[in-house]
Amino acid sequence: VGVLYQAIPDERVRALRDPVEVRRELGIPEDIFVVGRVAYGAPVKGIQVLLPAFAAARRPGVLLLTVGSDPEKWAPKLQELGIADQVRMVPKTNQVADYLQLMNFFVLPSLSESQPNTLLEAMRLGLPAGGSAVGGVPELIHNPALLVPANDPAALADLIRRTFDQPELLRIAAQDNTKLSSQFTIQARLEKLENLYAALLG
């Protein structure tokens, strides 16, 4: 039994803007550790879990960058949690790679998933990633230290803290994702499909 991964086109992981420019636009200093997330704003994507988790885990020199949610909708919650100064929210955009390139760690707080494209995009860029152990996510993130139960802010906060405190964990995760990244290309998917059809046809 083999896994046929979704294909991520090259243009989805090709940044069009210089990271220095994007950092300047968002007010993110060069030496800040960026925890990032990309998803639209539906509750199943877990932003309502991520924000309190980040509030519990945050410390100086760390920032949360979310892409795909409505900043105006979530502004009151950021104020309530006292994290408005450490969160940057970018609304839905087709140029996700411009923001992925700023991230030191990609987090997926979803309550349910199949094989999330945003996670595959992050992995194609060699980003260390972690998050909810739902759907096909554990097939992509093999290290159990980077997986947590869904809808558990305390567990997610612990995971975020580990990313600050264990640089070796991130280094190995980035290395693993860089190795896996070639499996998420269109060419790799076509080759697997060809091999599957060849095997079925004998």
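1. Is the crossing of α2 and α7 right-handed or left-handed? The crossing is right-handed. The model discussed here is a predicted one.

2. The two helices in question span residues 47–57 (α2) and residues 153–165 (α7). Their axes come within 8 Å and cross at roughly 50°. Angles from 65 to 115 degrees would count as roughly perpendicular and those under 35 degrees as roughly parallel, so α2 and α7 are oblique to each other.

3. On the α2 side, the contact is made by Val49, Leu50, Ala53, Phe54, Ala56 and Ala57. Helix α7 contributes Pro153, Leu156, Ala157, Ile160, Arg161 and Phe164. Sorted by class, the residues of this contact are 11 nonpolar and 1 charged, with no polar ones.

4. Helix α2 is mostly covered, with 8 of its 11 residues buried. These buried residues are Ile47, Val49, Leu50, Leu51, Ala53, Phe54, Ala55 and Ala57. Their cover includes α7, the helix α3 (71–81), and the strands β1 (33–38), β2 (62–67), β3 and β4.

5. The strands belong to an open sheet of 6, ordered β3-β2-β1-β4-β5-β6, with parallel pairing. At its edges lie β3 (87–90) and β6 (147–148), each of which pairs on one side only.

6. Within the sheet, β4 (residues 105–108) pairs with β5 (residues 129–132) in the parallel sense, over 3 bridges. Phe106 has Ala129 of β5 as its bridge partner.

Methods. Residues are numbered from 1 along each chain as its sequence is written. This is a predicted model: local features need pLDDT of at least 70, side-chain atom pairs count only at pLDDT 80 or more; totals for chains, interfaces and linings use all residues. Side-chain values use heavy atoms; hydrogens and water are left out. Two strands pair if DSSP finds at least two bridges between them. Helices (H or I, at least four residues) and strands (E, at least two) are DSSP runs, numbered from the N terminus. Axes are lines fitted to C-alpha atoms, for helices over the stretch in contact, and angles run from 0 to 180 degrees between N-to-C directions. Angles under 35 degrees count as roughly parallel, over 145 as roughly antiparallel, 65 to 115 as roughly perpendicular and the rest as oblique. A crossing is left-handed if the near helix is turned anticlockwise from the far one by less than a right angle, and right-handed if clockwise. Contact means heavy atoms within 4.5 Å. Ala, Val, Leu, Ile, Met, Phe, Trp, Tyr, Cys and Pro count as nonpolar, Asp, Glu, Lys and Arg as charged, and the others, Gly among them, as polar. Buried means under 20% relative accessible area, exposed over 50%, partly exposed in between (1.4 Å probe, protein chains only).
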